[in-house]
Amino acid sequence: MNRTVYVDTRQLLMVLFLSRIFTALTFTPQGDERIAGSTVMLGQLLSCLLQLLLLVPAWLLYRDHPRASVLDCANTLNRPLGGILAVLYGAFFLVNAVYTAASFDFFLTTAIYPNSSSWLPLILLVGVAWYGAHVGIEPLSRVAGFLFVGVLLSGVFIALALIPRYDLSNWVSPLYDGVEPVWRAAWGSLTRSTELAAVLLLVPMVKGNLRSGVLWWQGITLVAFEAIGLGTLLALGEYAGTRLFPVYTLSTIAEFSIFQRMDALHMAVWVFLAALKTGLYLFLAAFCLRDILPQGQKKFALPFCAVLLLVGSIWLARQGGLLVGLTSPFGGVVPLLLLVAVCPLLLWLWERMRGRREVHHGA
Amino acid sequence: MFEFYKRWFHYYKDSAYAPPKTDPALSQRLGENLLDNMVTIRQLYANSEDLVTRGVQVSGLSAQLLFCEGMVDNQAFAELVAEPLTSLELPDATPASLQKWLREESILAIDQKEFYTFGELFTFLMSGFVVLLLDGVATGTALGIQGFNFRGVSEPTTEINVRGSKESFVEPVRINLTLIRRRIKSPTMKFESLTVGSKSNTSVYLVYLTDCVSQDLLQEVKNRLAKVKMDVILSSGYLQPYLDEKTRSIFSGVGITERPDTLCAKIREGRIAILVDGTPFALIVPYLFHEHFQSLDDYAQRPYYATFIRWLKYLSFFVSMLLPGLYVAMVSFHPELFPHALLLNVAASETITPFPIMLEALLIHVIYEIMREAGLRLPRPIGHAVGIVGALVIGDAAVTAGLIGAPMVMVVALTAISSFVVPSLYEPVTVLRLAFILVGGMLGLYGITLLLLVVGLNLCAVNPFGIPATSPETPFSLYAMRDVLVRAGWKHLGGENLRVQDLPGSEVPEKRGGAQ
């Protein structure tokens with residue numbers, strides 16, 4: 001029997017959703033003190049529309065080549081260009097994996113185990129991510145199916161346990177400070193939507209209607225972000241702005257019967273998501289590297305990326321400023337724009353021009 | 001140092017596994033001279049004491065009857081073989097006319113076969129056949145009148161059901177075939193025989209329904225069994241690694257059953273069963289994870305109760321795997337997660353015990369496993385005594401002596417009982433439980449969560465015969481889920497035509513059954 005690697009669109013949706021939601025558990029609407037929570041919620045909606053807009057060039061490319069990734073298209077047009085793009089995409093995913101691991105470590109050593117060393121959790125996390133990337137995208141996406149249900153149930157459970165703490169007076173108008181903060185919030189959210197680039201590479205591995213899958217992903221993610229934002233805003237109000245991890249704070253104050261705090265539940269969800277996201281990005285980084293390595297050396301791609309990930313995350317975990325810088329609109333949006341919109345657009349235009357030239361020569 | 005590795009590499013290379021070779025003499029054809037044939041048989045059989053040979057004159061021609069001592073039904077031999085042969089009087093008997101009589105005019109046994117080589121002769125002999133060799137004829141005749149002793153059909157010991165059949169498989173594979181055939185009286189059910197093991201020549205039967213099984217799946221099973229390079233097969237477990245796709249995984253994609261009714265239910269869904277002679281357990285492929293939580297009683301009980309039992313099984317699985325590790329992690333790293341009243345009790349019991357909680361948990365689980373193993377291997381009456389001693393040691397003496405805390409006894413007891421709810425997962429659960437205790441004691445909930453993810457990934461990576469072991473949970477199919485977390489009523493289940501190859505995520509190219 002021939003083994004064919006493929007992921008159902010629903011599974012893709014779940015992987016991308018869980019990967020995206022990871023950031024929501026840290027950077028909630030109240031995470032940025034300068035922007036009101038309700039404003040960030042409106043910004044999320046705007047960000048969702050911007051993300052769909054960014055995907056238009058990729059969609060044009062996908063329409064012409066439904067079974068090809070952006071690297072496949074580039075390789076068909078020009079092999080050296082394909083190599084350059086593989087390096088760019090690989091570096092992008094590796095940096096994001098490093099960032100995910102480092103921010104996870106930051107949370108763990110700040111909120112959960114303040115006295116623990118910073119490298120031990122990272123070694124374990126990278127080990128699990130390595131294993132996840134090693135078994136491949138199919139098991140990763142299958143495990144995402146279980147995690148999706150778990151995350152959903154734990155979210156609902158915590159939300160229900162917080163009902164006595166909801167205070168509607170915490171709500172303020174999203175346009176209270178004008179339109180500019182809404183734009184800033186939208187850009188901030190866009191910066192963290194690195195999964196858009198993942199979609200471009202996962203195209204050949206997806207079976208089913210990719211377009212509807214992406215739309216569902218965006219819709220569900222938006223609903224989840226708004227729900228988390230609303231819950232945080234109503235339960236914590238202005239206090240959330242003073243917390244490093246507002247959602248974690250929410251889980252510590254949630255109470256239900258004999259369960260007097262639910263931070264363990266939150267931590268479990270957080271660890272699952274961090275490992276899944278790091279594993280996904282490590283897989284994609286190794287996938288890109290494999291594209292440029294010669295035949296006999298492709299097997300070294302994953303170990304090489306994993307070692308880089310470990311070294312990079314241990315280093316980045318100690319660089320607080322850089323950790324924040326990577327999420328700044330400039331540090332995050334520019335690479336994302338380049339890889340998600342500009343590259344596919346240029347490839348599409350190049351292909352069009354070449355097609356016309358061939359038709360012209362043929363005539 | 002380099003020299004050491006070099007030598008180690010050469011040792012490893014030299015001791016690499018080589019498949020067993022069969023004796024070329026076994027493929028040699030029988031000759032026409034009876035005496036020469038007997039000499040060759042004696043040589044090949046190494047003059048073993050269990051070979052019984054008896055020279056006899058049949059219609060004035062020399063013949064030899066051969067069989068293995070104790071493997072033939074003496075009465076049937078006397079009435080069906082000895083009497084007709086000794087009283088036979090063919091006019092102008094020649095070897096050719098005697099062979100013609102054997103082939104066309106006599107019924108010395110229901111199972112009567114002709115063979116040509118010494119290899120076939122020995123296979124028949126060792127399967128309990130009586131072999132008849134005639135002088136002047138280069139073929140032999142095998143007469144199936146086996147009469148060896150075997151254990152009778154009895155109640156299942158590992159898959160006890162309340163309302164299901166009380167029959168289980170036995171060692172002789174032929175009896176097992178009848179147990180299956182009696183349950184599915186359809187011409188589409190096929191038994192296909194293979195022989196594995198170059199020395200044991202063990203009979204292996206593939207059992208499937210031709211209108212349900214996928215041809216690709218069947219071919220893949222045959223291909224994998226053809227790769228078995230062993231000289232002796234003594235149990236179905238010998239074949240399991242060859243059928244498993246990822247032998248390094250904690251979970252297997254091969255199921256085991258000792259119940260003919262369970263086997264019939266599985267092949268009805270397009271699966272293939274493998275029966276091995278000498279083993280009262282059949283293998284079933286492909287076997288998915290949710291099948292560990294199904295039992296035949298589920299389908300005899302009312303759906304709501306079957307659903308309740310199924311949820312109970314899932315809960316027990318998680319309890320038996322995670323509870324001790326979680327308890328250790330919470331006591332060691334996250335005591336704030338205990339409700340206040342319970343926290344006081346736990347703290348009080350832990351202050352009087354000398355060991356750290358992780359060591360305490362490991363110690364008590366190892367003691368429990370030792371006692372379980374001892375109780376399992378010892379004769380049954382002594383096994384019960386071990387159980388009683390174990391209960392006293394763990395339950396009372398250890399707590400009184402201050403070696404372990406009372407809550408830990410409760411945790412161990414609950415874990416032990418839960419682990420028997422899903423017996424087919426006992427092996428992975430036991431090992432994982434110890435791993436979770438270690439990780440929980442060293443890394444707290446963080447370690448437990450990471451290890452749980454690794455276990456999840458490991459399970460999701462199992463793809464028996466191209467079908468995800470976690471299907472239909474993930475990849476998800478609502479239609480197929482009617483017999484996973486819930487058990488739908490028979491009016492729904494009975495009408496469904498779901499085959500294992502149709503499950504979501506399946507890579508079996510041929511989706512419908514139809515192997516011939």
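B:Ser471 is placed in the loop between helix H15 (426–460) and helix H16 (490–493) of chain B, where helices (H or I, at least four residues) are DSSP runs numbered from the N terminus. In this predicted model, local features need pLDDT of at least 70 and side-chain atom pairs count only at pLDDT 80 or more, whereas totals for chains, interfaces and linings use all residues. Residues are numbered from 1 along each chain as its sequence is written, chains are lettered from A and ligands numbered from 1 in the order in which they are written, and side-chain values use heavy atoms, with hydrogens and water left out.

With a relative accessibility of 0%, B:Ser471 counts as buried (under 20% relative accessible area; exposed is over 50% and partly exposed lies in between, with a 1.4 Å probe and protein chains only). Its side chain reaches the backbone oxygen of B:Pro504 at 2.8 Å. Apart from neighbours within four places in sequence, B:Ser471 is in contact with B:Leu288, B:His290, B:Leu503 and B:Pro504, contact being heavy atoms within 4.5 Å.

Over all chains, the structure holds 26 salt bridges, each defined as a side-chain nitrogen of Lys or Arg within 4 Å of a carboxyl oxygen of Asp or Glu. One of them links B:Arg433 and B:Glu369, at 3.7 Å from N to O. Because B:Arg433 lies in helix H15 of chain B and B:Glu369 in helix H12 (residues 357–377) of chain B, this pair ties together parts that are 64 residues apart in sequence. B:Arg433 is buried, at 1% relative accessibility, and B:Glu369 also counts as buried, at 17%. Salt bridges with shared partners join B:Glu369, B:Arg372, B:Glu373, B:Arg377 and B:Arg433 into one network.

In the pair formed by B:Lys100 and B:Glu104, the closest N and O atoms are 3.6 Å apart. B:Lys100 is partly exposed, at 43% relative accessibility, whereas B:Glu104 is exposed, with a relative accessible area of 56%.

The contact between the chains takes 39 residues from chain A and 39 residues from chain B. The area buried between chain A and chain B is about 3100 Å², and carbon and sulfur atoms give 71% of this area; buried area is the accessible area (1.4 Å probe) that two parts lose on being put together, summed over both. Across this interface, zero salt bridges are found, but there are six residue pairs in polar contact, both residues being at pLDDT 80 or more. A polar contact is a pair of N or O atoms within 3.5 Å; within protein, one must be able to donate a hydrogen and the other to accept it, and residues adjacent in sequence count only if both atoms are side-chain atoms. The elements giving two or more residues to the side of chain A that touches chain B are helix H1 (9–24), H5, helix H6 (119–135), helix H7 (137–161) and helix H12 (263–292) of chain A. H7(A) provides the largest share of that side, nine residues.
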